[in-house]
Amino acid sequence: MPTKVAINGAAGRMGQRLVALGCQDESLELVACFEYSGHPKFGQDAGNIAGVGELGLHLIDHTDEAYDAIIDFSVPEGAHAAVERAVAAKAALVMATTGLEEEHKAKIREAANVIPVVWAPSMSTTVNLTMKLCEIAAEALKDVPGGADVEILERHHRFKEDSPSGTALRFGELIANKMGITRHIHGREGRPGARPHDEIAYHAIRTGDNPGEHTIIFGLLGETMELTVRASNRDCYASGALQAAKFAAGKPPGLYNMNDVLGL
Ligand SMILES: NC(=O)C1=CN([C@@H]2O[C@H](COP(=O)(O)OP(=O)(O)OC[C@H]3O[C@@H](n4cnc5c(N)ncnc54)[C@H](O)[C@@H]3O)[C@@H](O)[C@H]2O)C=CC1
Ligand SMILES: O=C(O)C1=N[C@H](C(=O)O)C[C@H](O)C1
């Protein structure tokens, strides 16, 4: 039986790729494409919007159709709505939206008591693998003589609303946990003085249509290591999210991440 999937934020950049890839995947069935009712294309066919032709799936904000999983790539308010939809439908939730406030995060954690939730700031295989590599590097370099300075650079398209990216913040969190760092700063200006070792700095670049790029720098005295992971287009995120939906459907309630989905 195919996994029945609903998409929240279906007219967005990511939503359109989910519709386009999802409708070609025989192991799943798209059953609902949610948008907020004020969207200028509300009611139109999601397939036409995604450029794959009519699918008979219109942009809606309510359905009585059952589904096994709902995937959310939207905005914080949309993510809130997706959690409520998932709990009401007793469906798995794949939460991909970034830039969430603490109230939204608390709601997701609470939902994981009653439904399976896959929650990750990046659904990309290579990003999640790079996170593993960074954890190895952080562990190995935490006591290196002279210290290792960690800086995280991210580049995204000009339309991105949150900064820094959720992925950059997750990289920082994982590295900080391994190295015992508690200070996180965002850019530098003026005369901040010599760099302390126990901080991680984030730098967010916004240009053109960049679908996402992260560089993690470990700077030592005498040598530097940089790990870069770069998306060529959004399909790495969309296919990861569809995989996560299939993974989570029917799983026991709980919080899962992409390492669980990808077996990393
Ligand atoms: N975890 C991951 O792998 C990735 C996460 N993202 C995140 O996904 C989010 C969306 O990214 P994009 O698609 O580029 O943004 P977008 O702005 O193109 O799409 C967001 C969509 O959500 C819709 N929306 C707004 N309110 C809604 C509501 N109440 N209910 C349902 N839909 C609603 C908007 O109308 C829009 O169509 C961002 O937070 C981004 O950072 C993006 C790519 C990968
Ligand atoms: O908004 C985007 O485009 C992306 N957002 C995610 C993030 O904030 O980490 C993931 C990816 O980098 C693309």
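Colleague: Where does Glu 213 lie?
Modeller: Glu 213 lies in strand β10, which covers residues 213–219 (strands are DSSP runs of E of at least two residues, helices are runs of H or I of at least four, and both are numbered from the N terminus). This is a predicted model, in which local features need pLDDT of at least 70 and side-chain atom pairs count only at pLDDT 80 or more, while totals for chains, interfaces and linings use all residues. Residues are numbered from 1 along each chain as written, chains are lettered from A and ligands numbered from 1 in written order, and side-chain values use heavy atoms, without hydrogens or water.

Colleague: And is Glu 213 buried or exposed?
Modeller: Glu 213 is buried, because its relative accessible area is 13% (buried means under 20%, exposed over 50% and partly exposed in between, with a 1.4 Å probe and protein chains only).

Colleague: What does Glu 213 touch in there?
Modeller: If we leave aside neighbours within four places in sequence, Glu 213 is in contact with Leu 153, Glu 154, Arg 155, His 156, Val 229 and Arg 230, where contact means heavy atoms within 4.5 Å. The side chain of Glu 213 also makes a polar contact of 3.1 Å with the side chain of Asn 210 (a pair of N or O atoms within 3.5 Å; within protein one must be able to donate a hydrogen and the other to accept it, and sequence-adjacent residues count only through side-chain atoms).

Colleague: You mentioned His 156, so let me switch to the ligands. Which residues surround ligand 2?
Modeller: The residues around ligand 2 include Thr 98, Pro 121, His 156, His 157, Lys 160 and Tyr 237, each with a heavy atom within 4 Å. His 156 has a polar side-chain atom 2.6 Å from an oxygen atom of ligand 2, Lys 160 has one at 2.7 Å, and Thr 98 has one at 3.3 Å. On its own, ligand 2 exposes 320 Å², and the protein buries 86% of that (areas come from the Shrake-Rupley method with a 1.4 Å probe).

Colleague: How many residues surround ligand 1, then?
Modeller: There are 23 residues around ligand 1, and the closest are Arg 13, Met 14, Glu 35, Thr 98 and Met 123. Backbone atoms take part as well: a polar backbone atom of Met 123 is 2.7 Å from an oxygen atom of ligand 1, while a backbone N or O atom of Ala 96 lies 3.1 Å from a nitrogen atom of the ligand and one of Ala 120 lies 3.2 Å from a nitrogen atom. Taken alone, ligand 1 exposes 870 Å², of which the protein buries 84%.

Colleague: Now charges. How many salt bridges are there?
Modeller: The count comes to 15 salt bridges, each being a side-chain nitrogen of Lys or Arg within 4 Å of a carboxyl oxygen of Asp or Glu. Side chains of opposite charge can pair when their charged atoms come close. Asp 25 pairs with Lys 246, with the closest N and O atoms 2.6 Å apart. That pair links distant parts of the chain, 221 residues apart, for Asp 25 is in the loop between α1 and β2 and Lys 246 is in helix α7. Lys 246 counts as partly exposed, because its relative accessibility is 30%.

Colleague: What about Arg 183, what does that residue pair with?
Modeller: Arg 183 forms a salt bridge with Glu 199, the closest N and O atoms being 2.8 Å apart. Arg 183 lies in strand β8 and Glu 199 in strand β9, so the pair ties together parts that are 16 residues apart in sequence. Arg 183 is partly exposed at 41%, whereas Glu 199 is buried at 2%.

Colleague: Which helix holds Glu 173 and Arg 170?
Modeller: Those two sit in helix α6, and because they are three residues apart they are separated by about one helical turn.

Colleague: Last one, where is Ile 70?
Modeller: Ile 70 is in strand β4, residues 69–72, and counts as buried because its relative accessibility is 0%. Beyond its neighbours within four places in sequence, Ile 70 has contacts that include Ala 6, Phe 34, Arg 85 and Leu 93. The C-alpha atoms of Ile 70 and Arg 85 are separated by 8.1 Å, although the residues are 15 apart along the chain.
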